[in-house]
Amino acid sequence: MFFRMGTTLSAETRLASLNGRVPTIATLCSHSSLQIFHGARIEGFPTIGICVGPPPKFYDAFPLARPDEFLSVPTVKDLPQLTDQLRDDGAILVPHGSFVEYLGPEAFSRLDVPVFGNRAVLGWESDRRKERDWLESAGVTMPRLYEDPKEITGPVIVKYYGAKGGKGFFLAKNREALDDFHPTGPYVIQEYVLGTRYYMHFFYSPIAEGGYRLRDGSLELLGMDRRDEANIDELYKLGSAEELHRTGLRPTFVVTGNVPVVLRESLLPKAFEAAGRIVERSIELFGGMVGPFCLEGIMTEDLEFKVFEISTRIVAGTNLFISGSPYSDLIEPGLSTGRRIAREVAHARTTGRLAEVLS
Ligand code: ATP
């Protein structure tokens, strides 16, 4: 999918809305918005919560994370109508998974409001083929793709395109078991990687000094989680996969929560090297991925890390670490990803480098 990146205004004009004023941090009230507002508030920024319909009542329960102001739209698709007002308010939009998904990556990339991070990344992340080109050309190992089922030598996972939450994914222990798969749309057959899952929350700053250096800027690891996925996580209690297939029960991978994890310390170099190569390749391909991103992969028993997905913005698993994680506490106690985003805006502003972290 290629986006028409064309917003009505040039990047310079969009950023001009921030000249000489304290920016306002704005995001859609969902996903990791409490953390984003909380972090912005600590760093001294005013906040705007964009909501669909009336402001969500549960925000009243969290006074330290409630935005200063709400802007309401009838549906998410009406959000582009708010852009003039958001620019007048000096807003910087912070993208998160639900924001981009509900609005659609193309509509999001065309919003005429300064956005935290490089919006060009959306075109690479939302197209599985381009995502694979990017990661593999960065030297990262991904699960093998099978063009021809005859080549299958082990377990596979069959994924429908755009199947959110793994709806309809089909697991087969071997090539023969794939005979039971009757496709209902376009799909890919991927090696099912056996191992343990890690969702690693990184942050890349092109303007930071010190720390874990890349060619330009620094890479930070702010946390790590594992997703709770229904129904796959508990499916084994009902019997073997074969029995379940016969009864018509199918595995799904709908994220229902997150649990904190840490990686064996001796594997951290591998994680940093892979993340660093991905960032450096992103700079060559589309000018760089700025800010938070998540590497989602499986560590095998041979201690090989196979990445099945990258999320190029704040992920909901970071909500575990609003008051810091075992990793971010070693950078600065109490540093959440939401707060790190606000800190980046503050640093860029005082050094006159906003254009490097906003788009
Ligand atoms: P979402 O959009 O909800 O993040 P998705 O539909 O894009 O998910 P993936 O993120 O690719 O799907 O995979 C969903 C889940 O399936 C993963 O969290 C993981 O548990 C499992 N999974 C995906 N790929 C593999 C693989 N190659 N081997 C083993 N498990 C996998």
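Modeller: In what follows, a salt bridge is a side-chain nitrogen of Lys or Arg that lies within 4 Å of a carboxyl oxygen of Asp or Glu. The model under discussion is predicted.

Biologist: Why are Glu284 and Arg281 said to meet in a salt bridge?

Modeller: The N to O distance between their side chains is 2.8 Å. The cut-off is 4 Å, so the pair qualifies as a salt bridge.

Biologist: In which helix do Glu284 and Arg281 lie, and how many residues apart are they?

Modeller: Both are in helix α9 (residues 268-286), 3 residues apart, which is about one turn of the helix. An α-helix has 3.6 residues a turn, so residues three or four places apart point the same way.

Biologist: What makes Glu284 count as buried, partly exposed or exposed?

Modeller: Glu284 has a relative accessible area of 47%. Burial requires under 20% and exposure over 50%, so Glu284 is partly exposed. Arg281, at 23%, is partly exposed by the same cut-offs.

Biologist: How do you know that Arg66 forms a salt bridge with Asp60?

Modeller: The closest N and O atoms of Arg66 and Asp60 are 2.8 Å apart, and the limit is 4 Å. The pair is therefore a salt bridge. Arg66 is partly exposed at 31% relative accessible area, and Asp60 is partly exposed at 46%.

Biologist: Where in the chain are Glu43 and Arg339 placed, and how many residues apart are they?

Modeller: Their side chains meet in a salt bridge of 2.7 Å, N to O. The pair links distant parts of the chain: Glu43 is in the loop between α2 (33-42) and β2 (47-52), Arg339 is in helix α10 (residues 337-350), and 296 residues separate them.

Biologist: Which residues are linked with Glu43 in a network of salt bridges?

Modeller: Glu43, Glu332, Arg339 and Arg343 are linked in that network. The structure holds 24 salt bridges.

Biologist: What makes Glu220 buried or exposed, at its relative accessibility?

Modeller: Glu220, found in strand β11, has 13% relative accessibility. That value is under 20%, so Glu220 counts as buried. Apart from neighbours within four places in sequence, Glu220 is in contact with His201, Phe202, Phe203, Ile331 and Arg340.

Biologist: Which residues of α7 are buried?

Modeller: In α7, Lys130, Glu131, Arg132, Trp134 and Leu135 are buried. The buried residues of this helix pack against α6 (121-125), β5 (145-146), β8 (187-191), α9 and β14. At the start of α7, a side-chain oxygen of Asp127 comes to within 2.9 Å of the backbone nitrogen of Arg129. After α7 comes Gly139, whose phi is positive, near 85°.

Biologist: What does the domain assignment of the protein chain give?

Modeller: It gives domain 1 (11-138 + 196-227 + 262-356) and domain 2 (145-193 + 230-257). Their contact takes 10 residues from domain 1 and 9 residues from domain 2. The two domains bury about 850 Å² between them, 52% of it on carbon and sulfur atoms. In domain 1, Arg128, Arg132 and Arg227 lose the most area to domain 2, together 52% of what that side buries.

Biologist: How many salt bridges does the rule find across the interface of domain 1 and domain 2?

Modeller: The rule finds 2 salt bridges there. Glu191 also forms a salt bridge with Lys306: the closest N and O atoms are 2.7 Å apart, which is within 4 Å, so the pair meets the definition. On the side of domain 1 that touches domain 2, the elements giving two or more residues are α7 (128-137), β11 (218-231) and β14 (305-311). The residues of that side divide into 2 nonpolar, 1 polar and 7 charged.

Note on methods: Residues are numbered from 1 along each chain as its sequence is written. This is a predicted model: local features need pLDDT of at least 70, side-chain atom pairs count only at pLDDT 80 or more; totals for chains, interfaces and linings use all residues. Side-chain values use heavy atoms; hydrogens and water are left out. Domain bounds come from an automatic or database domain assignment. Contact means heavy atoms within 4.5 Å. Buried area is the accessible area (1.4 Å probe) that two parts lose on being put together, summed over both. Helices (H or I, at least four residues) and strands (E, at least two) are DSSP runs, numbered from the N terminus. Ala, Val, Leu, Ile, Met, Phe, Trp, Tyr, Cys and Pro count as nonpolar, Asp, Glu, Lys and Arg as charged, and the others, Gly among them, as polar. Buried means under 20% relative accessible area, exposed over 50%, partly exposed in between (1.4 Å probe, protein chains only). A polar contact is a pair of N or O atoms within 3.5 Å; within protein, one must be able to donate a hydrogen and the other to accept it, and residues adjacent in sequence count only if both atoms are side-chain atoms.
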